[in-house]
Amino acid sequence: MNVIDEIAVEIAEFEANHGRKPARMWLTKRDKFDVAKLNRSQFALAGKIMEKGVEQTVTKLFGVPIAAWNATQREYRLSSEENGVTASTVRARIDDWIKRLNAFFDTLEKWTTEVPGAHAHRDNMEQQVEGLMRQFSVKAQKVPTFTVCLAKNRVAFVPSAIWISGANGRVNVTTNYRQYALVDLSQFEAPSDWKLVLASSKTPLAAFDKPLFLRLLAERA
Amino acid sequence: MINYNEIHRAYVESDAYLGRKEAGARTPSGKTRWARARMFNDQAYFLMLFAQLEQRIMQEVVKLVNKKKVLGRWQDRRLWQEAKPDRISFMQKVALLTEKGQVTYNRMDQLYHDFRCAIAHGNTAAVGPIFIPTIAAELKRIAGILRA
């Protein structure tokens, strides 16, 4: 069995497992070298390889584009392009993010009015350009920020990133003394589930409720 | 998974440091630079946790092969006698511990190819930031499922 046969078997196996061919494959340097070692029945390929090169011939043969030739072992996978991501879905995600942030800051503002002497300040800033925005040429929008002050204490909520694996967006929470990450663990288009990341092993993620908000506001060094 | 709590604490500390830098940056390019540093930090922690899971899977596969090698009937043990766990690919090892095509296998396939390999091959931008507490909890849960 030469490299062409091996790749054919592996692609068939991938198709059996996933119900479709891989979108891209990663091959090794050795594979590129071994493509030249064809058997008798594949001899016609040699001409094509000479004419069009290994890359184009192998891609056409299997219908799977080659992502790279420097993998440590052969890999096949489904690419993000097939997950239905388009410029409009990226824009929709940003709109949803802004909506969720505004709803969250409305709640914080309500909690702030219930604290004597505390005052809230809402502003906005240009969002950070993330990978998918760059990929689909989607412009950065203004995202809301929220700051609350009580005497000398100040807590700022500044959106950080939307696309973060394992969460549906992250907000930087800066107090006078510490820095926290606040994440929304909800699924896309589901109600928000804000959690504050703590260094505690007992409660690594704390639900962001009014007592926790008040604790941040009263935080000391 | 070894020392999950210690890793979590170290992650929170390092992420908070980079988060403070990101929040304090005065220019958009400064913010982007620190956000990238934060992303690399996420990915480094992911690789460390995943490497521990790989080690755990290897141990379970060795355990399985050793168990099967000593089966009473030769017909049952013949396929296992020549099995060399260090010579089979990672996803083949996973397939020895959980059924191919099922939820755990598919998720491992995704975590391995779309995260671990993408990061290891320098395709870090495609992976982006990773929220380690969620992913670590998931890896821990998977480690409990993948048994000999």
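**Predicted model of chains A and B**

Of the 148 residues of chain B, 25% are classed as buried. The coordinates are those of a predicted model. Chain B contains seven helices and zero strands, and along the sequence its elements read α-α-α-α-α-α-α. The radius of gyration of chain B is 19 Å, whereas a compact globule of 148 residues would have a value near 15 Å. Along the principal axes, the C-alpha atoms of chain B occupy a box of roughly 70 × 30 × 25 Å. Within chain B, 66% of the contacts with a separation of 6 or more involve residues 24 or more positions apart.

Chain A has both element types, with seven helices and ten strands. Its radius of gyration is 26 Å, well over the 17 Å given by the globule rule for 221 residues, so chain A is more spread out than a compact globule. The C-alpha trace of chain A extends over about 85 × 40 × 30 Å along its principal axes. Of the 221 residues in chain A, 26% are buried. Where contacts in chain A join residues at least 6 apart in sequence, 55% of them link residues at least 24 apart.

Chain A is divided into domain 1, covering 3–83, and domain 2, covering 87–217. A distance of 44 Å lies between the C-alpha centres of domain 1 and domain 2 of chain A. A residue pair gives a further distance within the chain: A:F33 and A:L198 are 165 residues apart in sequence, and their C-alpha atoms are 51 Å apart in space. A:F33 belongs to helix α2 (residues 29–34) of chain A. This phenylalanine counts as exposed, because it has 12 C-beta neighbours inside 10 Å and the limit for exposed residues is 12 or fewer. Helix α3 (residues 43–52) of chain A has zero buried residues among its ten, so this helix lies largely in the open. After α3(A) comes A:G53, with a positive phi near 90°.

Strand β5 (residues 142–150) of chain A and β6(A) run antiparallel and are joined by five bridges. A:F146 has A:F157 of β6(A) as its bridge partner. The two strands β5(A) and β6(A) form a hairpin with two residues between them. β6(A) also pairs with β7(A), again in the antiparallel sense and over five bridges. In that pairing, A:P159 is bridged to A:V171 of β7(A).

Most residues other than glycine have a negative phi. A:A151 counts as exposed because it has 9 C-beta neighbours inside 10 Å. A:S137 likewise has a positive phi, near 50°, in a residue other than glycine. The position of A:S137 is in the loop between α6 (131–135) and β5 of chain A. With 8 other C-beta atoms within 10 Å, A:S137 is exposed.

Between the two chains, 33 residues of chain A are in contact with 31 residues of chain B. On the side of chain A that touches chain B, the elements giving two or more residues are β3 (75–77), β6 (153–161), β7 (170–174) and β8 (179–184) of chain A. β8(A) provides the largest share of that side, four residues. By class, the side of chain A that touches chain B comprises 16 nonpolar, twelve polar and five charged residues.

The largest nonpolar core has 50 residues, of which A:L182, A:V197, B:F46, B:F131, B:I132 and B:I135 touch the most other members. Helix α2 (residues 28–69) of chain B gives the most to this core, nine residues. Apart from neighbours within four places in sequence, A:V197 is in contact with A:Y180, A:A181, A:V183, A:P204 and A:L205, among others in chain A and chain B, and also with B:V12 and B:P133.

Definitions and conventions:
Residues numbered from 1 in each chain as written. Chains lettered and ligands numbered in written order. Predicted model: local features only at pLDDT ≥ 70, side-chain atom pairs only at ≥ 80, totals over all residues. Rg over C-alpha atoms; globule rule 2.2 N^0.38 Å. Buried ≥ 20, exposed ≤ 12 C-beta atoms within 10 Å, placed from the backbone. Contact = placed C-beta atoms within 7 Å. Nonpolar A, V, L, I, M, F, W, Y, C, P; charged D, E, K, R; others polar. Core = buried A, V, L, I, M, F, W, Y, C linked by C-beta atoms within 7 Å. Domains from an automatic or database assignment. Pairing = 2+ DSSP bridges.
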